[in-house]
There are 2 protein chains.
Amino acid sequence: MRIDGDTEVIAHLGYPTHSFKAPLIYNPYFAAAGINALVVPMACRTEDFATVLPALFRMDNVRGALVTMPHKVSVLRLLDATTPAVQIAGACNAVKRLPDGTLLGDQFDGEGFVRGVRGKGFDPRGKRALVVGCGGVGCAIATSLAATQPAAMALHDLRADMADGLARRLQQHYPQVEVTTGSKDPAGFDLVVNCTPLGMQAGDPLPFDVERLGAGTFVGEVVLSQAMTPLLQAAQARGCRVQVGTDMLFEMIPAYLEFFGLPATTPARLRELATLDA
Amino acid sequence: MRIDGDTEVIAHLGYPTHSFKAPLIYNPYFAAAGINALVVPMACRTEDFATVLPALFRMDNVRGALVTMPHKVSVLRLLDATTPAVQIAGACNAVKRLPDGTLLGDQFDGEGFVRGVRGKGFDPRGKRALVVGCGGVGCAIATSLAATQPAAMALHDLRADMADGLARRLQQHYPQVEVTTGSKDPAGFDLVVNCTPLGMQAGDPLPFDVERLGAGTFVGEVVLSQAMTPLLQAAQARGCRVQVGTDMLFEMIPAYLEFFGLPATTPARLRELATLDA
């Protein structure tokens, strides 16, 4: 990896940054592929984001921004244009400057999640899915799941208005999907996804009652700080198939690379090069 | 080099960035020494600097900023505190956030230049020095030279007020040094330094009339885009000793590392690790 005066920057904005995984995946790939770009972690607090994001995009060599918690939703009001995926999810993970100087936001987290479960032989079409946690990543995953034509979806968030708002947006765009809110009981679902941050910190409670999980349920996780979170361990112990957070991560990255106008590669190649465990 | 969520950033702000050398020196050293920090080039235009600098320092993991052309002078009004070196030079190259959140500016370019010529056996004390170009780096070098107690100094800039302003500040602090302005004739000087950007671009005119250089004159250069600039080649052809821009650069870096609170090393070790010619 050689950083010089021609290096382009993708700012990775979130808070806190300590569990950031993207720099450990993108940068070894950029180095191996001879792409003179760099994902740079930037620890930006909630109250500073509206100042920081536009300032970064004033720089010629800032090619884009990866946006993560706690900014995935608040970034929307700083953008000039958004894709339908962002509008439905109400959350955005990636920003780039268009040739006319305006800022476009998109998101591929949900797509990464769906690609991952499909790759494991689970097709959400016609199934019943529960999404627990309706912040940025929950909205993204629910949006991509809705596009797969599941039979029914349930959404839960401690902030009930977050779940209800997402349900309304989903039903507008996917009226054929039954969407309910208010419960996080996983009984009777084919797919349950933890989209809360619970599991990032040691001692976190489980995000829902695993005793109510059926053995046939597929359980997905978005927490990246460890592969087999306590939730996934408990689910696996009950016989469930699981998807770890990094699977979603590796699946989504080719889509982000393409969005930023950089040469892409396969999830497998990205995983081979990544230094997550270094 | 492993960039992760704990990596600290030193933003390298200037425009254009293509000839930036600091990333090629600091980053290989950080990698070799196991220091989790990164110098990141940021192409910031003049009109954006007052927005960008404070925004960057809102980020927790931005440890500091290296400031280069065209911002070395304009940065002053964005700082809460400056060192005497900055106040006299009227130019600043490095900014850090103090524990109370305020921004402190310092500069070590001039110190790097003086360390370099001393290392080559030239002691400016009691000598006559001409500084051509009184922008940020010219002010810095003149300030550090004045502190060595030369017999006389001459300053020149196409913008006469830049040279006159620097002369006034130097005379306030170093009344024993004779300071004149208005001429860039190098005849009769022991030390002549090009502190203009002339030499960065192919086809640039020489910054002063080399035909008037005495063979005993020591000629210094600040241009970094090539080692032996046309000026230094012409000076060497006349028998002058010379100092290339990168000598100043390697000499100053230990002082900047210390300023940022990072472990320092020798100029020789930095040069060994640097990838300037890669």
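**View 1. Q149(B), a partly exposed residue in a loop.** With 14 C-beta neighbours inside 10 Å, Q149(B) counts as partly exposed. For burial, C-beta atoms are placed from the backbone: a residue is buried if 20 or more other C-beta atoms lie within 10 Å of its own, exposed if 12 or fewer, and partly exposed in between. Q149(B) sits in the loop between α5 (136-146) and β8 (152-156) of chain B. Helices (H or I, at least four residues) and strands (E, at least two) are DSSP runs, numbered from the N terminus. Although Q149(B) is not a glycine, its phi is positive, about 60 degrees.

A word on the model and its labels: this is a predicted model, in which local features need pLDDT of at least 70 and side-chain atom pairs count only at pLDDT 80 or more, while totals for chains, interfaces and linings use all residues. Residues are numbered from 1 along each chain as its sequence is written, and chains are lettered from A and ligands numbered from 1 in the order in which they are written.

**View 2. Q149(A), in the loop between α5 (136-146) and β8 (152-156) of chain A.** What is the phi of Q149(A)? It is positive, at about 65 degrees, although Q149(A) is not a glycine. Q149(A) counts as partly exposed, because 14 C-beta neighbours lie inside 10 Å.

**View 3. Two cis peptide bonds.** P70(A) belongs to the loop between β3 (62-67) and β4 (81-82) of chain A. In chain B, the peptide bond from Y15(B) to P16(B) is cis, and its omega is near -5 degrees. Look for P16(B) in the loop between β1 (8-14) and α1 (22-33) of chain B.

**View 4. An open sheet in chain A.** Follow the strands in the order β2-β1-β3-β5-β6-β4: these 6 strands of chain A form an open sheet with mixed pairing. Two strands pair if DSSP finds at least two bridges between them. Which strands are at the edges? They are β2 and β4 of chain A, each pairing on one side only. Strand β1 (residues 8-14) of chain A runs parallel to β2(A), and 7 bridges join the two. For one pair to find, I10(A) has V39(A) as its bridge partner in β2(A).

View 5. Chain B has an open sheet of 6 strands in the order β2-β1-β3-β5-β6-β4, with mixed pairing. Its edge strands, each pairing on one side only, are β2 (37-43) and β4 (81-82) of chain B. Between β3 (residues 62-67) and β5 (residues 94-97) of chain B, the pairing is antiparallel, over 3 bridges. Here L66(B) stands opposite A94(B) in β5(B). Helix α1(B) lies across β1, β2 and β3 of chain B, running at about 160 degrees to β2(B). Axes are lines fitted to C-alpha atoms, for helices over the stretch in contact, and angles run from 0 to 180 degrees between N-to-C directions.

**View 6. L273(A) and the residues it touches.** You will find L273(A) in helix α9 (residues 267-273) of chain A. Leaving out residues up to four places away in sequence, L273(A) touches P28(A), Y29(A) and A32(A). Residues are in contact if their C-beta atoms, placed from the backbone, lie within 7 Å. L273(A) and A32(A) are 241 residues apart along the chain, and their C-alpha atoms are separated by 7.9 Å. L273(A) counts as partly exposed, because 18 C-beta neighbours lie inside 10 Å.

**View 7. Where chain A meets chain B.** The contact takes 31 residues from chain A and 31 residues from chain B. The elements of chain A that give two or more residues to its side are α1 (22-33), β2 (37-43) and α2 (49-56). The largest share of that side, 5 residues, comes from β2(A).

**View 8. The axis between the copies.**

Definitions and conventions:
Two residues are in contact if their C-beta atoms, placed from the backbone, lie within 7 Å.
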